[in-house]
Protein chains: 2
Amino acid sequence: MSNRTEISTLGEFGLINHLTKNFEISNASTIVGVGDDAAVIDHYGKQIVVTTDLLIEGVHFDLMYTPLKHLGYKSVVVNLSDVYAMNATPAQITVSIGVSNRFSLEALNEFYEGIYAACERYNVDLVGGDTSSSQKGFIISVTAIGEVAPDKFVKRSTANKGDLICVSGDLGAAFLGLTLLEREKSIYLENPQIQPDLENESYIVGRFLKPEARKDIIEYFAEQNIVPTAMMDISDGLSSEVLHISNQSNLGCRLHEDKLPIAEETRLAAFKFGLDPTVCALNGGEDYELVFTAKQDDYDKLVLNDNISIVGYMTELDEGRKLISKGGNAFDITAQGWNALK
Amino acid sequence: MSNRTEISTLGEFGLINHLTKNFEISNASTIVGVGDDAAVIDHYGKQIVVTTDLLIEGVHFDLMYTPLKHLGYKSVVVNLSDVYAMNATPAQITVSIGVSNRFSLEALNEFYEGIYAACERYNVDLVGGDTSSSQKGFIISVTAIGEVAPDKFVKRSTANKGDLICVSGDLGAAFLGLTLLEREKSIYLENPQIQPDLENESYIVGRFLKPEARKDIIEYFAEQNIVPTAMMDISDGLSSEVLHISNQSNLGCRLHEDKLPIAEETRLAAFKFGLDPTVCALNGGEDYELVFTAKQDDYDKLVLNDNISIVGYMTELDEGRKLISKGGNAFDITAQGWNALK
């Protein structure tokens with residue numbers, strides 16, 4: 001082993017692809033393996049989905065401004081979001097933690113209060129886990145298991161040309177919430193006398209610290225008999241996710257800037273920081289909204305739901321992946337999403 | 001939050017119990033939750049099991065003497081062992097890793113070679129995971145999913161008075177393998193000129209670095225139509241596990257020292273280190289053998305299998321939990337198993 005290749009040269013998605021590309025599925029029960037929001041497993045003709053996330057202090061969260069209860073809640077929600085992104089309903093989770101001795105039992109109780117609050121809100125059961133010490137930092141691993149009616153799961157790779165591209169809720173707020181918290185942290189570190197100024201910013205801060213998963217959207221699909229043609233949750237940013245769907249579906253796409261759902265609070269916060277709200281919405285990440293493609297026939301049903309915005313449509317591969325600006329210009333969509341390996 | 005309780009005051013099992021005791025199961029599909037080797041989930045009348053482990057560098061493994069390929073293999077095997085301990089067959093795993101930039105891609109390739117070797121050996125599919133950076137140390141989280149015929153899963157709490165206590169394979173070798181590796185490490189650290197002396201110790205070192213899960217025993221149960229009354233895998237040591245079964249089944253037990261299966265290599269290594277082989281077998285841990293209880297009616301079938309030893313039997317609660325020594329004396333069994341939180 002004389003060669004040394006730096007992991008950072010591949011990026012997160014490249015690394016996962018590299019490590020798993022030669023793996024062949026051997027169980028008939030494995031329907032969808034690595035490469036989507038969650039795996040799909042067939043058990044005796046019925047299907048379950050499984051997804052997992054590893055959260056590491058200093059990489060994925062900063063305890064300086066993250067209350068432990070919120071952290072517990074969010075650790076669960078980000079996994080449930082992946083289950084919903086398969087058009088499935090989460091039912092069970094496991095939670096493993098590694099804690100250093102700087103944590104007290106009271107601190108862990110707070111963290112678990114958040115876990116339990118999320119379990120209650122989303123009707124999932126905590127069924128297992130593992131608890132151990134860590135030499136440094138807090139480590140959280142959550143696995144979520146969900147159920148999906150046979151063959152109703154929705155992958156990333158199955159969008160069709162002409163399909164509508166839709167997103168739930170609004171975008172960019174979580175990124176601005178994080179930006180604000182990071183700014184207040186550096187002010188505090190320079191001068192601990194100054195109290196954080198989070199006045200009027202509860203929306204964006206809340207979106208970052210305590211996101212919700214879009215249970216309601218999946219329920220709406222079931223009620224309205226809509227099956228999206230492709231779907232993902234938005235953890236890295238809309239641009240990054242739309243590129244995943246386009247790449248895996250072997251298609252192009254058009255997004256319209258004027259259709260992107262951005263909350264008023266998000267626009268104001270972006271202006272305050274001198275940032276373009278559109279860029280925040282496209283590349284912000286951590287919103288945990290859903291992006292999905294749907295048949296044009298579903299248009300009438302989709303527009304009835306105030307929590308769904310139609311933001312574009314899928315095109316032929318050779319038309320590229322474009323953002324049409326408010327001024328009518330076409331720009332290439334590039335993934336500037338968060339990259340945990342940078 | 002003015003109180004501070006040190007986590008170490010509870011120990012690992014106490015901590016898990018404390019954090020999960022108030023959690024109520026709300027999904028009908030959750031059959032067995034926290035507190036066994038794995039959870040059991042009913043999906044449309046069919047049952048799956050789920051288990052997860054978090055492994056942290058410096059706490060659970062030492063890269064100074066653990067080849068990465070072996071580490072990958074073992075990370076999978078310890079989870080599969082929990083699935084077998086439910087009398088289930090593993091089918092899928094997810095693997096999440098956190099790596100610092102001291103790891104090269106070549107190092108990760110080696111680790112995944114071990115993952116893949118275990119997947120192939122045990123016929124399981126890698127179906128997902130998460131890859132991120134860590135600020136310090138290597139972090140591994142593996143979740144395994146298995147299948148079990150309806151109501152054939154085996155818990156820890158269902159042993160009956162008079163049941164035979166059985167163990168697979170032999171005990172104590174992994175602990176002595178670790179002891180040897182730790183000794184060679186300290187010699188090396190004091191004098192890097194001295195080469196490690198692992199001559200003739202491949203059995204105990206192999207048992208520690210590359211354990212196997214007892215797939216064969218579960219298959220034997222199925223062939224012979226044996227359903228153990230209670231079962232666990234031996235990760236903390238036989239004493240600790242037998243106490244779990246006794247406590248959860250509300251019974252006492254008798255173990256016979258002369259029946260404990262100990263390999264000749266293990267005995268020799270114990271003597272070399274001035275340790276009692278029986279103590280190593282009882283408290284060593286990391287053997288990943290199975291301990292199970294079975295009806296006396298199954299005696300004839302059990303003795304036919306050379307990989308199964310009958311080491312004792314379950315008694316009434318008020319008869320206590322006793323080890324009967326070779327000299328005929330009765331000693332209380334105490335759990336001195338490994339405690340990851342110490």
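I first looked up the UniProt feature "binding site", which the unreviewed entry places at D37(A), D82(A) and D233(A). These three span 197 residues in sequence, yet no two of their C-alpha atoms are more than 7.5 Å apart, so they gather at one spot. I noted that UniProt positions follow the numbering used here, that feature names are shortened, and that annotations may be inferred rather than shown by experiment.

I recorded that this is a predicted model, in which local features need pLDDT of at least 70, side-chain atom pairs count only at pLDDT 80 or more, and totals for chains, interfaces and linings use all residues. Residues are numbered from 1 along each chain as its sequence is written, chains are lettered from A and ligands numbered from 1 in the order in which they are written, and side-chain values use heavy atoms, with hydrogens and water left out.

I then turned to D37(A), found in the loop between β1 (30-32) and β2 (39-43) of chain A; strands are DSSP runs of E, at least two residues, numbered from the N terminus. D37(A) is buried, at 5% relative accessible area (buried means under 20%, with a 1.4 Å probe and protein chains only). Residues touching D37(A), with heavy atoms within 4.5 Å, include D82(A) and D233(A).

I next examined D233(A), which lies in strand β8 (residues 230-233) of chain A. D233(A) is buried as well, with a relative accessible area of 2%. The side chain of D233(A) makes a polar contact with that of S81(A) (2.7 Å); such a contact is a pair of N or O atoms within 3.5 Å, and within protein one must be able to donate a hydrogen and the other to accept it, while residues adjacent in sequence count only if both atoms are side-chain atoms.

Notes
Helix = DSSP H or I, 4+ residues; strand = E, 2+ residues; numbered from the N terminus. Buried < 20%, exposed > 50% of the residue type's maximum accessible area, 1.4 Å probe, protein only. Lists of a residue's contacts leave out its neighbours within four places in sequence.
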